[in-house]
Amino acid sequence: IFRGCKKLTHVDLVEGAVLRDTIDALLLEEWRNDMKDKLGAINQILPTTPAGSYDNNHDDVGEKAQTVQLWISSVLSTIVHYKAQHRSLLNEAATALQLASPNDVVLENVLPFLKLPSYTFEGED
């Protein structure tokens, strides 16, 4: 797809704001930092990734397309994993809170602050 695109050195996400909102809502700072590192990695890798050429050498397709595809797959699988972990921790915390507090306090005042944005990423159930 990107054969000969030597100037392809930066990727802007179409749904970047949604993804950043989801990342910002993750419970653990480690997860947030990991996701931010993954998002920025492509723009560090692309400038030095071979672009291939337009000549008749069909073997020289370059690596930019594969690099972008692998990056997208990595970002999606990681955010889906962290969202599942987030939900699991949230459920554990909610159970503990419900045992220690009146149910309406937990449901109305605590859980709404811990939920992730409702966007569903490719690969999620």
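Is Pro-47 buried, partly exposed or exposed? Keep that in mind as you click around. The model is predicted, with local features needing pLDDT of at least 70 and side-chain atom pairs counting only at pLDDT 80 or more, while totals for chains, interfaces and linings use all residues. Residues are numbered from 1 along each chain as its sequence is written, and side-chain values use heavy atoms, leaving out hydrogens and water.

**Stop 1: the whole chain.** Switch to cartoon and you get four helices and zero strands, running α-α-α-α from the N terminus. Helices here are DSSP runs of H or I with at least four residues, strands are runs of E with at least two, and both are numbered from the N terminus. Of the 125 residues, 29% are buried (under 20% relative accessible area; exposed is over 50%, partly exposed in between, with a 1.4 Å probe and protein chains only). Look at contacts (heavy atoms within 4.5 Å) with a separation of 6 or more: 73% of them join residues 24 or more positions apart.

**Stop 2: Pro-47.** Select Pro-47, in the loop between H2 and H3. Pro-47 is partly exposed, at 43% relative accessibility. Leaving aside residues up to four places away in sequence, Pro-47 touches Thr-9 and Ile-42.

**Stop 3: the salt bridge.** Show the side chains of Asp-24 and Lys-36, which meet in a salt bridge at 3.7 Å, N to O. The criterion is a side-chain nitrogen of Lys or Arg within 4 Å of a carboxyl oxygen of Asp or Glu. Asp-24 is partly exposed at 46%, and Lys-36 is partly exposed at 44%.

**Stop 4: the largest pocket.** Select Leu-13, Glu-15, Leu-19, Ile-72 and Leu-76, which lie nearest the pocket's centre among its 14 lining residues. A pocket is an open set of points on a 1 Å grid over the protein atoms alone, where a 1.4 Å probe fits, with protein on both sides within 12 Å along at least five of seven lines; lining residues have an atom within 4 Å of a point. The space comes to about 290 Å³, counted as what probe spheres set on the points fill, with points joined across faces, edges and corners. Colour helix H3 (residues 64–100) next: five lining residues, the largest share, come from there.
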